[in-house]
Each structure stands twice: as C-alpha cells, then as structure tokens.
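Have the structure open while you read, and go through the points in order.

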Amino acid sequence: MENTQAEITLEDLRKGSDDLLRLVYESNRQKFLNYARRYNLSEEENIDVYQDAYVIFYDNIMSGKLESLSSSISTYLFSIGKYLIFDKMRKNKKVVSGDFDLSRVGETDELVNTFEMEPQSLTTEQELLKKHFGSLGDKCQELLTLFYYRGFTIQEIMEAKNYNNENVVKSAKSRCMKTLKEKIQANTY
Amino acid sequence: MMDKELLLYNYFSNQLTAEEQKQFDDLLKTDVEFKEQFDFEKNLKEVIREKETDSLKSKLIGFEKDIEDTVPVRELPKRNYQKWAMAASIALLVGLGWLGYNNFSGTDYQELYNDNFQEYPNTVYAITRGTETDSSLEREAYVAYETDDNAKAIQLFTELKETYDSESVNFYLAQSYLKNNQLTEANTLLSEVLEKEGEFAPQALWYLSLSYIKSKQKEKAIKSLNLLIADGRYKKNEAEVLLDELD
C-alpha cells in the first residue's frame, strides 16, 4: 500500500477517478482510525471525521490551495483530522481524559494552515443558482465543473473531452452561462 | 487594457499575472457590470464546489458501507477450548441482545427522523433583494421561515395560499408544519405537491418519508422511499440508507 501511494501524484488526484478515490480512502482508513481512537470519540464519530478530513483534503486540491504534495497523503489527512477532532471536542465541550495539551485545540499544523476547513453554507442567492445549475444539461454541468471546480483550462477541456478546437469549448461555455442566466431571470420574481 | 472576459478567465483558471491582478482589482472597484459578472461566476464556482463535495461525501459513505459488508470474520484457532467457549458465550449474548432489541425496542423512529430531518433551504425567494421597501406577504412568510418562527410562517403561508396557491407555497407551508411537529397537516400538503409532479416533487417524497418514519408508519415510509429512489433526482443515497435501516 505504501508504495502504491507514493506514486500517486496531485495530477492523479485532480482527475479523481472513483477507483483512485477508493484506493486512497481504504489505504489510509485503518491507520487514521487507530490514530483517532486516542481521543475518546466514538468509532462512528471517528469515521465521520475521517470522511470530513478526506473531503477537505480533496476540496483544497481542487481549489488550488494545495499546489504540490510536500508530504504523504496520510500526513495531510492526519493533520486535517486532528484539527477536526479538536474542533469537535471544543464544540461538544467534551471533557477529555488523557494527556494531550488543550491549548493546542484549534491549532493547525504548518502543512495545512492555509487550508479552508469550514466552507460557508450557501446564501439564498447561491441556493437558487444551485437549483438552476442542476437543471442544466449534463454537458453544460460537466463543462462548467471542469472549469470552475477542477481548474481545467479551455485547452485542457478541449483535450479531455475531444472538442475540435478551443473556440468550440469557449462558445459552448458561453452558451451554458447564458442559459443559466436566463433560467435565473425567468425564475426570479 | 486587457479584455475583461480574458481577465475573468485568467482569474478563474488561476493564471492572473501581477499586472493583470492590479487591473482586475481596479475593475472590481470601478466597473459595476464587471463586478456583477465576477460575483455571478464566483457564486457559480461555490455552488459547483458544494455539489461536488456532496457527491464525494456520498461516495465515501458508499466505500465505508462496502468495507463494513466485507469485513472478514476472524477465524479462531482450533483446539483452544477456552476461546471457543468465550466466543460462543459472546455470540449467545449478542444473539439474545439482538433478539431482545429486535422484539422489544424495534427501530428507533424518532432518532431516524432526527438524524435525517433538515429543513429545506429557502430557494424560492431572495430575501435580501427587495430590502426594507418590500413588505410583501411573501417576503414576510419566507423571513419567518428562515428565522424558524414556525407559527408565524404557518400563518403567513396559509394566508398566501388563499391568493397564490402554488407548489412552492404548499411545499414551504408543509416544511413549517413539519418543523412545528404537525405531521398530519404536513402530509396532506406534501401529497398535494407530489401530485403536481413539479420541481419539488422528489423533495416532497423525501419529507413525506421522514414524516411517516416519525409517526412510525413503516410500510408507508418504505413505499415512498422506494419511489424516491426510483425517481433518483434527490437524496437517492440517503433514501437507500434509510431503507436499509427500516428493513
């Protein structure tokens, strides 16, 4: 497992195939749960934390906050997980037995201190946008997701999705945006 | 001056040079239209991020479930009578416990409901838009809804329903009833929404299922969850998980 992980690059993660997602999930899970057990949360809570840490890790790759892997994937997951556990305990006002220093609560490791840990919930306007985005055709959703979420350039989209040239991608993107705006205008009263 | 569209493009693909960044910041301050377009794209980015995050989360839940399903049963060494005896008595205890649990306590419906109920966000009416000049009934109703003033929301949505009987009014009135623990009223309205087969239909199914769970109507809950899964547009994974727990 260690070896397979060492070869996973940021690029692979960005492509985000389901197989890779599963591989990374499964190969770090047990280690993480063993580590988390010392904090006296329930097993279910530990699994929740692991999943949240995983999502945050991924999200920060996609948003470009993590530009290169300077450490192993598990180190990132542990650092985020530790932050989440402390945060959870602080929120639960859980009395903690054991010997770790509570002054470290909320403190994040150097490695992840630029990460966004708690994404804001959507505003009313964004909820509306979400609804209409969901009603766009699959092609449009995919194209806009590649651009706005995965950070693909127009050229990368062209290559990945076999468009003929960049102009085709550009005009497809503007058409999608136009449709989206029209849907919103039609719905707002 | 660089093309505005290109500036936005470079911003969202993380390729602004320092000089472009300066132009970009200036435009944000001076050009209203540019700012609007930027806000729109930024909101879109956030919306897509949330959507992708949700879908990643449900994938992880799926991975986890697969792991639980395939955890191998540990083989005990043979010829070790004591361990066998211990295992047997544990198995007996677990078995008895399970029987007892199954027969006497059954599914904890209230807990299932609490774990799954989350009020549906107001996606219909942008409260900030009209500011204070807009004192329409509709606005007040959604304000009451968003601030969890359930009794007031029920009153206002009911008034609104008299003149403006729409799918969304019915849906949010039903939500307010659910939040106020008036299940019968909520169910009637949710069924109405469902019959319209409009945009809130799958959401209505989800909340109807939860309402049935809360009132321990297991068969009805199972039926509507199955419909929701077949529909596939909303909370499909959650519905599957719930269905598992009910069975």
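1. Start with A:Leu144. Contact here means heavy atoms within 4.5 Å. Not counting residues up to four places away in sequence, A:Leu144 touches A:Phe133, A:Leu136, A:Tyr149, A:Lys173, A:Cys176 and A:Met177, plus B:Leu44 and B:Ile48 from the other chain.

2. Some housekeeping. This is a predicted model, where local features need pLDDT of at least 70 and side-chain atom pairs count only at pLDDT 80 or more, while totals for chains, interfaces and linings use all residues. Residues are numbered from 1 along each chain as its sequence is written, chains are lettered from A and ligands numbered from 1 in the order in which they are written, and side-chain values use heavy atoms, with hydrogens and water left out.

3. Now the big picture for chain A. Of its 189 residues, 43% are buried. Buried means under 20% relative accessible area, exposed means over 50%, and partly exposed is in between, using a 1.4 Å probe and protein chains only. Among chain A contacts between residues at least 6 apart in sequence, 63% join residues at least 24 apart.

4. The largest nonpolar core has 74 residues, and those touching the most other members are A:Leu13, A:Tyr54, A:Phe57, A:Ile80, A:Leu144 and B:Leu44. A nonpolar core is a set of buried Ala, Val, Leu, Ile, Met, Phe, Trp, Tyr and Cys residues joined through side-chain atoms within 4.5 Å. Helix H4 of chain A (residues 43–62) gives the largest share, 11 residues. Domain 1 (2–91) and domain 2 (123–188) of chain A both contribute, so this core lies between them; the domain bounds come from an automatic or database domain assignment. A second, separate core of 47 residues includes B:Tyr113, B:Tyr125, B:Ala186 and B:Leu225.

5. While you're on H4 of chain A, find A:Ile56 in that helix. A:Ile56 counts as buried at 9% relative accessibility. Leaving aside neighbours within four places in sequence, A:Ile56 is in contact with A:Ile80, A:Leu84, A:Glu116 and A:Met117. A:Ile56 and A:Glu118 are 62 residues apart in sequence, yet 8.4 Å apart in space, C-alpha to C-alpha.

6. What covers helix H6 of chain A (residues 124–134)? The buried residues of this helix are A:Gln126, A:Glu127, A:Leu128, A:Leu129, A:His132 and A:Phe133. Their cover includes helix H7 (138–148) and helix H9 (166–187) of chain A, together with helix H3 (32–70) of chain B.

7. On to the interface. In all, 40 residues of chain B are in contact with 41 residues of chain A. The area buried between the chains is about 4100 Å², with carbon and sulfur atoms giving 63% of that. Buried area is the accessible area (1.4 Å probe) that two parts lose on being put together, summed over both. In chain B, B:Phe40, B:Arg49 and B:Phe63 lose the most area to chain A, together 14% of what that side buries.

8. Aromatics next: there are 37 aromatic pairs over all chains. Rings of Phe, Tyr and Trp (its six-membered ring) pair if their centres lie within 6.5 Å; planes under 30 degrees apart are stacked, over 60 edge-to-face, and the rest tilted. A:Phe147 and A:Tyr148 are edge-to-face, 4.8 Å centre to centre with 90° between the planes. B:Tyr142 and B:Phe157 are also an edge-to-face pair, at 5.1 Å and 85°. B:Tyr142 lies in helix H6 (residues 137–146) and B:Phe157 in helix H7 (residues 150–163) of chain B, so the pair ties together parts 15 residues apart in sequence.

9. A:Asn162 has a positive phi of about 55° although it is not a glycine, and A:Asn162 counts as exposed at 68% relative accessibility. B:Lys216, also not a glycine, has a positive phi near 60° and is exposed at 58%.

Note on methods. Helix = DSSP H or I, 4+ residues; strand = E, 2+ residues; numbered from the N terminus.
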